[in-house]
Amino acid sequence: RGRYSKTPELQDLFTQDGNPERMATGEFRFSPEVRWNLSTKSYFKPFVAAGAELTQHFGLPSAPTRAVQPTLTFGTRAGYGYEVAYTRLFADRLGSSKLKGDRVGASYSFKLAGSLHLKFGAEADYVSYRACSNLACDDYREYDYTVRPFVAISFY
């Protein structure tokens with residue numbers, strides 16, 4: 001999955017407080033994952049997924065501009081279209097922000113045609129990170145949360 005926004009969710013992820021020269025003008029997030037369904041016949045269909053999440057900020061004059069976090073997800077589908085999941089976002093492996101956190105989500109999907117499904121729901125993130133610009137990082141960790149609705153097209 002992926003998304004682009006002209007307003008980054010975490011405005012100061014790559015900008016230390018009080019630094020007007022480093023203002024991100026956009027954000028791209030890309031989250032590939034591999035999912036293993038543990039059951040497909042029962043009413044509850046648990047799954048485990050592993051992947052990574054890439055966060056790229058645009059418009060910054062110098063590094064850092066991106067973070068990569070490994071992810072591990074546990075969830076279940078109930079009935080045909082309901083799904084709930086918990087995702088652990090492990091510490092950033094690319095930069096010095098050490099962005100990490102937790103995500104919970106719930107969604108409902110319904111079949112449009114063949115294997116094409118429309119999925120809608122909401123996700124909430126609770127993350128912590130060290131705001132960094134160039135090689136300097138804040139000594140303390142910032143804590144932030146975001147809640148976002150989504151609509152997606154899925155193939156399964």
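## The Arg35–Glu83 pair

In this predicted model, the side chains of Arg35 and Glu83 form a salt bridge with an N to O distance of 3.2 Å. Arg35 belongs to strand E3 (residues 33–37) and Glu83 to strand E6 (residues 82–89), so the contact ties together parts that lie 48 residues apart in sequence. Arg35 is partly exposed, at 32% relative accessibility, whereas Glu83 is buried, with a relative accessible area of 11%.

## The Arg103–Asp125 pair

A salt bridge also links Arg103 to Asp125, with 2.7 Å between the closest N and O atoms. Arg103 is part of strand E7 (residues 100–113) and Asp125 is part of strand E8 (residues 116–129); the pair therefore connects parts 22 residues apart in sequence. Both Arg103 and Asp125 are buried, that is, each has under 20% relative accessible area.

## The Arg148–Glu9 pair

The side chains of Arg148 and Glu9 meet in a salt bridge at 3.2 Å, N to O. Arg148 sits in strand E11 (residues 142–155), while Glu9 sits in the loop between strand E1 (2–5) and strand E2 (26–30), so this pair joins parts that are 139 residues apart in sequence. Arg148 is buried, its relative accessible area being 10%; Glu9, at 23%, is partly exposed.

## The salt-bridge network

The structure has 14 salt bridges. Side chains of opposite charge can pair when their charged atoms come close. Through shared partners, salt bridges join Arg1, Arg3, Glu9, Glu27, Arg29, Glu53, Arg103, Glu123, Asp125 and Arg148 into one network. Among the members of this network are Arg103 and Asp125, as well as Arg148 and Glu9.

## The cavity and its lining

A search of the whole structure finds one cavity of 30 Å³ or more. The volume of the largest cavity is about 80 Å³. Its lining comprises 14 residues, and Glu9, Leu10, Arg29, Asp125 and Val127 are those nearest the centre.

Strand E4 (44–58), E8 and E11 each contribute at least two residues to the lining of the largest cavity. The greatest contribution comes from E11, with three residues. E11 is also the strand that holds Arg148, and E8 the strand that holds Asp125. By class, the lining of the largest cavity consists of five nonpolar, three polar and six charged residues.

Terms used: Residues are numbered from 1 along each chain as its sequence is written. This is a predicted model: local features need pLDDT of at least 70, side-chain atom pairs count only at pLDDT 80 or more; totals for chains, interfaces and linings use all residues. Side-chain values use heavy atoms; hydrogens and water are left out. A salt bridge is a side-chain nitrogen of Lys or Arg within 4 Å of a carboxyl oxygen of Asp or Glu. Helices (H or I, at least four residues) and strands (E, at least two) are DSSP runs, numbered from the N terminus. Buried means under 20% relative accessible area, exposed over 50%, partly exposed in between (1.4 Å probe, protein chains only). On a 1 Å grid over the protein atoms alone, a cavity is a set of points where a 1.4 Å probe fits but cannot get out, and a pocket is an open set with protein on both sides within 12 Å along at least five of seven lines; lining residues have an atom within 4 Å of a point. Grid points are joined across faces, edges and corners, and a volume is the space filled by probe spheres set on the points. Ala, Val, Leu, Ile, Met, Phe, Trp, Tyr, Cys and Pro count as nonpolar, Asp, Glu, Lys and Arg as charged, and the others, Gly among them, as polar.
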